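Please look over the model shown here before reading on. The notes that follow take the interface, then the charged pairs, then the strands.

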There are 2 protein chains.
Amino acid sequence: MASIHDIAKKAGVSVSTVSRALNNYQDVNPKTREKIIEIAKELNYYPSAVARGLVMKRTQTIGLFFGDHMNSGFDHPFFMDVISAVREEAGDAGYDLLIFTNKHKERATYATLCRERGVDGVFLILTGGGKKKNDQLIELQESGIPCVAIDLPLEGERCTYVESNNFLGAKKAVLHLIELGHRNIAFIGGDEIAKTSFDRLNGYRAALSESGIDLNASYIEMAYFSEELAKEATKKILARNKDVTAFFAISDLMAFAVIETLQEHALRVPEDISVIGFDDIKEASTFEPPLTTISQQKYAMGRAATNQLMKSIEDINYRPSPITLPTELVIRKTTDYIMR
Amino acid sequence: MASIHDIAKKAGVSVSTVSRALNNYQDVNPKTREKIIEIAKELNYYPSAVARGLVMKRTQTIGLFFGDHMNSGFDHPFFMDVISAVREEAGDAGYDLLIFTNKHKERATYATLCRERGVDGVFLILTGGGKKKNDQLIELQESGIPCVAIDLPLEGERCTYVESNNFLGAKKAVLHLIELGHRNIAFIGGDEIAKTSFDRLNGYRAALSESGIDLNASYIEMAYFSEELAKEATKKILARNKDVTAFFAISDLMAFAVIETLQEHALRVPEDISVIGFDDIKEASTFEPPLTTISQQKYAMGRAATNQLMKSIEDINYRPSPITLPTELVIRKTTDYIMR
DNA sequence: ATAAATAACAAAAACGTTTTTGAATTTAAA
DNA sequence: TTTAAATTCAAAAACGTTTTTGTTATTTAT
C-alpha cells in the first residue's frame, strides 16, 4: 500500500506538502499539486482512514448497536427497514456503519466500545431493560458521544431519540375497533418498561375511556414482543374471557401469532374475532388475511434519526431533540363489524 | 479518554511496560502488572482500536459490501438472513462489521476501500455485473485481501465464495412440476450473467431434457430479480403461450409477483397454474397460498462464509475453497397436479 | 534600494498504540 | 569472588496521517 511518504519521495517534496496538496490547502504551488496528484493516482494511493482517524479524532464512522433483546435485530423486519434508511442516509453524508457484535467483552459498555472504536456517533436500536443496560445508557448519555436511539427515550446534551406517536397510534387502532362495534377488546402488549409498549397501552386505555368502556385487566397480557408468548397470551385471554371479540397486538409479528392461535381454536378472523396489529411490516399486506394495522413511517424514522445524529456530530453546539412521527391506520381484512 | 500514557505516569513506569503488562507479556513483574491493571480500571481505560490498528495492521473488523444491484440489500429477506448469521458468527470470533456505504467516492474500488479502512477481510453480497464492477472484482481477487462472496463465483488465493447448489435445486423444482404432470413450464429468470441465475436455468434445462421435454425458448423470460419485471414477464409468457400450466420463478419475491399477476388474469393458483419459487424466505410460508419453493440454508451459508473468511484472515497460508450447500424442496400450496 | 509582505515549501510534533533493542539490576553458577 | 544468566524495565522506532510553526525565496510597496 502506497503511503504519503512514497509520494513525497517520488515527487521530491516533503510529506507535509503532499498532505496539504491532497487536502486542497492554498499554500501549495499549482504545479507541484498537479504533480503530486498525478503520482498519487499512479501509485494508486488512498489515505489510510485509520491513521487519519488517529490524528483527526474523527473516523467518518457511526456505530450501531442492536438486538440485545429478543425479536429486535437484523431479523426483525421493522428495524430492518429503519436500518436500511439509516444506511442510505449515512452513506450520503459520507459515513460508514460499524456494527458492534462483541458480546464477549465482559466489562465493556456502549460508551467504552464507542470510544475504543472511535466512532463519531452511534445509533441505538434496542429495547433497554435491566439495571446493567440502564447504567450503560446513562453512561452513554453523559459521555458526550452523539447518539440517537430508536424507540428508546434517551435524552441528553448530545443524545436524543426518534419514535412514532405510539399513544395516538394505539388509540387510533382501538377506536377503529370500537367504531366497528367491539367493546371487549384484548390487549397483547410488549413489556412493562419499554416506552413503546407503555405508550400503546395508554393509547388503548384512552380509547376505551373516551368511549365509556371500562378497563378490564383480564383482557390485558404482556407478550414481550415474542410470537411464542403472544400465542400463550391469546390462549389465556380466550380461556378467561369467552366474550372477547377483538385483539389489539402491539406488533404485527404478535398479531400474526394471535391470528394463528385463533384459527387453531376454530375462530375465524375477522368473522368471529377482529385483530389489529402495529408496525405495518411488509408481510402485513401479504399475510392471509391481510392484516389491519397501524403503520409506522420506518424510512422517515431512519432519516430523521440520521439527520439528528449528523447534526450532533458536525456541530458541537447542536442540541438534538426527540422526534415523534405520526402513524396511520391501514384497514385491511382482519377487522370487521362485530357479528354478535 | 485515558491513554496508556496516563496510566504510565500514574504508575510511575514507562508506556511500554504498561502495554506489555496489559497484553500479558511475561517480562513484567507480577506486582507492577497488578498495579497497572488496577490503575487502568480506575481510569476506565480502554485501548484505542484505531491506534492499535495503525501499528498492528489488524483492525478486528470485517467489511461488508452489498446491494449494488436492485433487490439485493438490507431490504432483501434472503440476504438479510445470511447477514444475520454472519453478524453472529463474526461477533463470536471477535470481529465487528463495517458496512461500506460510500457510493459517492467516484474513483474508489472495493479493494481501495478495504485498504483505506484497513479491514481484515471482506464479505461480498452483491450480484456483480458490468465491466467496471468486474474489473473491481478482479482487482480484489488479486489484492491479497481475504474475501468471501455469496452467490458470486469469486476465486483466488485468498478469495472464495459460498452458494447453494443452484443447479440441483432448480432441477428439483422443475422435476417436481413434471411429476405433477406439467410439461409446459415457464421459467422466470434473473439475468444472463449472475451465476445463480445461470445455474438455475441449466437445472431447468436438465430437468426438461431428462424428462424428454423439448426446450421452448418462448417459455423463458429474464426478470432481473425484480418484482415489477417479473410481472411483465408473466404477462408476456401468458400472451405468447396459452398452454402454459406452471411457472418456475427463481426467487420467491418474483414468484409472489407471478402469482399476483396470474390472479389478475383470473387464473387460480394452483388449480389453473402451478407456481414454484426459490429461496424459501420467511414470507413464503405466510403468503397465501403458501408458496412451494426450494429452500436455501441461509444461516448455514452465513456460517460457512464466516468460517472461510476467519480462516483466511488468521492463517496466511490457508487457501479457502468454494462451498456449495444442498437445497431442499418444500412443498406447500402453490403446486398441484395438472388439471387439463 | 530597502523593507515589508507574500508564496511555497520543510521540519517536527502529535495522535495512541506495539515491539524491538538495550540497559540495569538481581540471581544463579562457577 | 567473578562471571554468566535471568529478570525487569525504559527508550525509541514505527504505523500513516494532519497541523503548527518556521524558513527561504520571491514579490510588492515605499
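How many residues of chain B are in contact with chain A?

1. **Contact across the chains.** The answer is 49 residues of chain B, in contact with 49 residues of chain A. Contact here means heavy atoms within 4.5 Å. Chain B and chain A bury about 4700 Å² between them. Of that area, 55% is on carbon and sulfur atoms. Buried area is the accessible area (1.4 Å probe) that two parts lose on being put together, summed over both.

2. **Basis of the note.** This is a predicted model: local features need pLDDT of at least 70, side-chain atom pairs count only at pLDDT 80 or more, and totals for chains, interfaces and linings use all residues. Residues are numbered from 1 along each chain as its sequence is written, chains are lettered from A and ligands numbered from 1 in the order in which they are written, and side-chain values use heavy atoms, with hydrogens and water left out.

3. **Polar pairs at the interface.** Between chain B and chain A, 18 residue pairs are in polar contact, both residues at pLDDT 80 or more. A polar contact is a pair of N or O atoms within 3.5 Å; within protein, one must be able to donate a hydrogen and the other to accept it, and residues adjacent in sequence count only if both atoms are side-chain atoms. On the side of chain B that touches chain A, α4 (49-56), β1 (61-66), α5 (77-92), β2 (96-99), α6 (110-117) and α12 each supply at least two residues. Helices (H or I, at least four residues) and strands (E, at least two) are DSSP runs, numbered from the N terminus. The largest share, 7 residues, comes from α5(B). This side of chain B divides into 20 nonpolar, 14 polar and 15 charged residues. Ala, Val, Leu, Ile, Met, Phe, Trp, Tyr, Cys and Pro count as nonpolar, Asp, Glu, Lys and Arg as charged, and the others, Gly among them, as polar.

4. **Salt bridges between chains.** The structure holds 28 salt bridges over all chains. The rule is a side-chain nitrogen of Lys or Arg within 4 Å of a carboxyl oxygen of Asp or Glu. Across the interface of chain B and chain A there are 4. One of them joins A:Lys282 to B:Glu227, with the closest N and O atoms 3.8 Å apart. Another joins A:Glu227 to B:Lys282, also at 3.8 Å. This pair runs from helix α10 (residues 227-240) of chain A to the loop between β9 (274-279) and α12 (283-286) of chain B. A:Glu227 is partly exposed, at 30% relative accessible area.

5. **Salt bridges within a chain.** A:Asp120 and A:Arg58 meet at 3.4 Å, N to O. The two are 62 residues apart and link distant parts of the chain. Is A:Asp120 buried or exposed? A:Asp120 is buried, at 7% relative accessible area, whereas A:Arg58 is partly exposed at 30%. Buried means under 20% relative accessible area, exposed over 50%, partly exposed in between (1.4 Å probe, protein chains only). In chain B, B:Asp199 and B:Lys195 form a salt bridge at 2.7 Å. They sit 4 residues apart in helix α9 (residues 195-210), so about one helical turn separates them. In chain A, A:Glu163, A:Lys195 and A:Asp199 are linked in a network of salt bridges.

6. **A buried threonine.** A:Thr234 lies in helix α10 of chain A. Its relative accessible area is 0%. Its side chain reaches the backbone oxygen of A:Ala230 at 2.6 Å. Beyond its neighbours within four places in sequence, A:Thr234 is in contact with A:Ile188, A:Phe247, A:Val258, A:Thr261 and A:Leu262.

7. **Strands.** Two strands pair if DSSP finds at least two bridges between them. β2 (residues 96-99) of chain A and β2(B) pair antiparallel over 3 bridges, with B:Leu98 as the bridge partner of A:Leu98. In β1(A), 6 of 6 residues are buried. In β9(B), too, 6 of 6 residues are buried. β9(B) is joined to β8 (residues 246-249) of chain B by 3 bridges, in parallel.
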